[in-house]
Amino acid sequence: MEETSLCGQQLIDGCIEVQKEEDGALIELGRQNGFPEGRKEFVAPAVGMEFESYDDAYNYYICYAKEVGFRVRVKNSWFKRNSREKYGAVLCCSSQGFKRIKDVNHLRKETRTGCPAMIRMRLVETQRWRVLEVMLEHNHVLGGKVHRSVKKMGTGMKRKSLPSSDAEGQTIKLYRALVIDTGGNGNSNSSAREDRAFSELSNKLNLRRGDTQAIYNFLCRMQLTNPNFFYLMDFNDEGHLRNAFWIDARSRAACGYFGDVIYFDNTYLSNKFEIPLVTFVGINHHGQSVLLGCGLLSSETTESYIWLFRTWVKCMSGCSPQTIISDRCKALQRAIVEVFPRSHHCFGLSLIMKKVPEKLGGLHNYDAIRKALIKAVYETLKVIEFEAAWGFMIQRFGVSEHEWLRSLYEDRVRWVPVYLKDTFFAGMFAARPGESTCPFFDRYVHKQTPLKEFLDKYELALHKKHKEESFADIESRSSSPLLKTRCSFEFQLSGMYTREMFKKFQLEVEEVYSCFGTTQLHVDGPIIIFLVKERVLIEGNRREIRDYEVLYSRTAGEVRCICSCFNFYGYLCRHALCVLNFNGVEEIPHKYILSRWKKDYKLLYVPDQCPGGADDADRSQWSNQLFRSALQVVEEGILSLDHYNVALQSLEESLSRVHDVEQRQE
C-alpha cells in the first residue's frame, strides 16, 4: 500500500519537474499499469485523455507509436473558418487507407494495408484537446521501434521537430497530468479509471454548448408545425439527457404501411460521429428509403437500445416488424431479442462486405482471399455449397485463426444469403454483389457534423424525400410504362405496380430469354422440381451456364426458385417465370403480386391496429388513424389542380360535418 501511494506522489512531483529522474519515473509509471519493472513503455491512448495542446497530443501519440512499432501520419484536420484555428484532428497509422487509383501504376511499392489504428481528438470547452475515439488494433505486422513519422502540418504552420528526448519528456509530463486530472489515486489502476470514465460518459449525451437549446427549439418547432409529431426523452439520475427519440407525422403513417421490414442504422453511433444518431428506415412502394423514426443514444449498450426499441413500438401500436436488418453488435442483438422476440433479425450483408478491406487488407494474398469470399457468399445456392467454398478458402489461404473470419462463420445464419431464403426482405438486404444500403441522411451527416446543424437540416432532408415520393406517385399514375416483350406477365403487372418496381420486374422478364433447357428433375405427387439453365454474365464480360432448381405445384399455385428472388426482392425471378411459361400459365399467381408495390397501395391498404384492433377510448389511436386518412387525401390532392380542388372541398365539407356533431351535442 505504501509503495502505490509513493508512486502516486512521484507522479505529482513529475508534473512540476519534468526532467527529474526521467527513466525512473517511466519505470514507476509502468509498474502502476501492470508492466514489468524496468520496461520502458507508454500507456495506450484511451477515450477521455486530455492534453494541454495539439502539439502535446501529437507528440504523445508519436512516442506511443515509436514504442509499439508503427509510423504516424495526420489523416484529417479541421480549422475554424475565420481564425483558421485548429479544432479537430485524426492521427492514424501510416498504413491506413490504400493508394489512389491514379497512383497504382507508380513503381513505388504499396505499403498501405487499410489499417484501422487511429485516434480522433477535438478541442473542447476547457481549451484542452480530448481524445474522442481510439482504435488500437492494427491489421499488419508491427515492426521494431520506429524513429520517424509522417507529419502533415496545418496551413501556415511550421515548427521545429522536438528532439527525441524532449518529446518523451513532454509526453511523460502530460500523461502524469492526465493521471491527476482523471481522479486517479494510488489504490486504483488505469483500467479501473478508464472503465469509470467510460461509464460516466455513456450515462449521458455528450452535448456541446448550445445543443440543449437546439434540441428544445427543434422539438417546439416540430410540435407546432407537425400535428402528429411524437418524442420521448430519457434522463439519468442526475437529470442529464441520456437518450432521445422522435418521429414526425409522415414517418408515423409510413410505419403502418412499410414497417414490415426495417433497417436499423447505427452507423453514426458505432463509427463515433459527432452526432450519435440512429435511424429506423423502411422501403416504400417505389423502392425508396423512408424514415420510420430517429434517436440520439449516449452509448451502444443493451439498455439504451431496449429503451429506444420499446419507445418505437409505442408508435407502431404494439406491432413488431417481420424482419430487422442491422449491423453486427452484441448489445444490439440482445436488445432485439428482448423487444422483438418474433422478428427475424439478420445482419446487413453490405455492411459486412464493406469491412473486408479494413479487416483483411493486411493479409498476404488479400486479393485472392477477397475473391474467394465473394464467390462463397454470392455465388453459392445451397448450404452445402457455401460450406465447401468457405472451407476451401480457409484451408487454401491458411486463415483458420483469423478472429474476424471465425466470428463471421459463427454468425453465418444471420448474414449469408443461402441461410436466409425463407426470410422476406423487400429488397433491403442487398443480396447481390455491388448492392449496398446507404444511410438515410447520407448527404446531410458527416463525421464532424454538429447536432445543431443536423437538426436544422432535418426538415430539409425529409422535405426532399417526400418530394421524391410525390413525384414518383405522379409519374406512376400519369404514365404507362413501355412494354419491351410480348410476355403476358409483363402486361399483367404494367398496370398495377409503381413505375420503379415495374422496371425491376421487367428486367426479370427480359432475362427470361437468357434461360433455356427447362426440364423436369423430380416429381413428388403434385410437386414437380424443374431445372432451368441460364447464361450468367461473369467477370470479364463473359457468360457461363448455371443451373437453377425451381419447385412448382399447380394445385397450390406455388412456384419457388432456389435463388429466392421473391423473398429477397419481392417479385418473381426469371427462372420461376420460365417454369410458369413452360407449364402454360399465363398469369402470375395472386400470392406473388404484392400489394406493397402497387400504385394505389396507400389508398387501398388500411394498416392493422396491433394488438387486438382499435381501442374505443384511446385518443392516440384515433389521432393516428385520422392523420393517416387525411394524409391519403393530401397525397391524392397534389396530383393535379382538379385533384387539389376536389380534395380541398372534401376536407372543408368534412370539417363542417364534424362541427355539426358538436352543435347537436350542445
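In the unreviewed UniProt entry, residues 548-584 are annotated as "domain: SWIM-type". In this predicted model, that stretch is 38% helix and 27% strand, and its end C-alpha atoms lie 20 Å apart.

Elsewhere in the chain, seven strands form an open sheet with mixed pairing, in the order β6-β7-β10-β9-β8-β11-β12. Its edges are β6 (230-235) and β12 (344-347), each of which pairs on one side only. Direction ignored, neighbouring strands of the sheet are turned by 20° against each other on average. In general, the strands of a sheet pair through backbone hydrogen bonds, in either a parallel or an antiparallel manner. Strands β8 (residues 261-265) and β9 (residues 277-283) run antiparallel and are joined by three bridges; Asp265 has Thr279 in β9 as its bridge partner.

Two helices that pack on this sheet may be considered next. Helix α6 (residues 211-225) touches β6, β7 (241-247) and β10 (289-297), and its direction makes about 155° with that of β6. Helix α16 (residues 451-478) touches β7, β9 and β10, with its direction at about 165° to that of β10.

Nonpolar side chains tend to be buried together in soluble globular proteins. Here the largest nonpolar core contains 104 residues, of which Trp246, Leu277, Phe441 and Tyr458 touch the most other members. Helix α13 (residues 366-378) supplies the largest share of this core, seven residues. Residues up to four places away in sequence not being counted, the contacts of Phe441 include Leu277, Thr279, Leu291, Phe454 and Tyr458. A second, separate core comprises 33 residues, among them Cys255, Met316, Ala331 and Leu332.

Conventions
Residues numbered from 1 in each chain as written. Predicted model: local features only at pLDDT ≥ 70, side-chain atom pairs only at ≥ 80, totals over all residues. Heavy atoms only, no water. UniProt positions renumbered as here; feature names shortened; annotations may be inferred. Helix = DSSP H or I, 4+ residues; strand = E, 2+ residues; numbered from the N terminus. Pairing = 2+ DSSP bridges. Axes fitted to C-alpha atoms, helices over the stretch in contact; angles between N-to-C directions. Contact = heavy atoms within 4.5 Å. Core = buried A, V, L, I, M, F, W, Y, C linked by side-chain atoms within 4.5 Å. Buried < 20%, exposed > 50% of the residue type's maximum accessible area, 1.4 Å probe, protein only.
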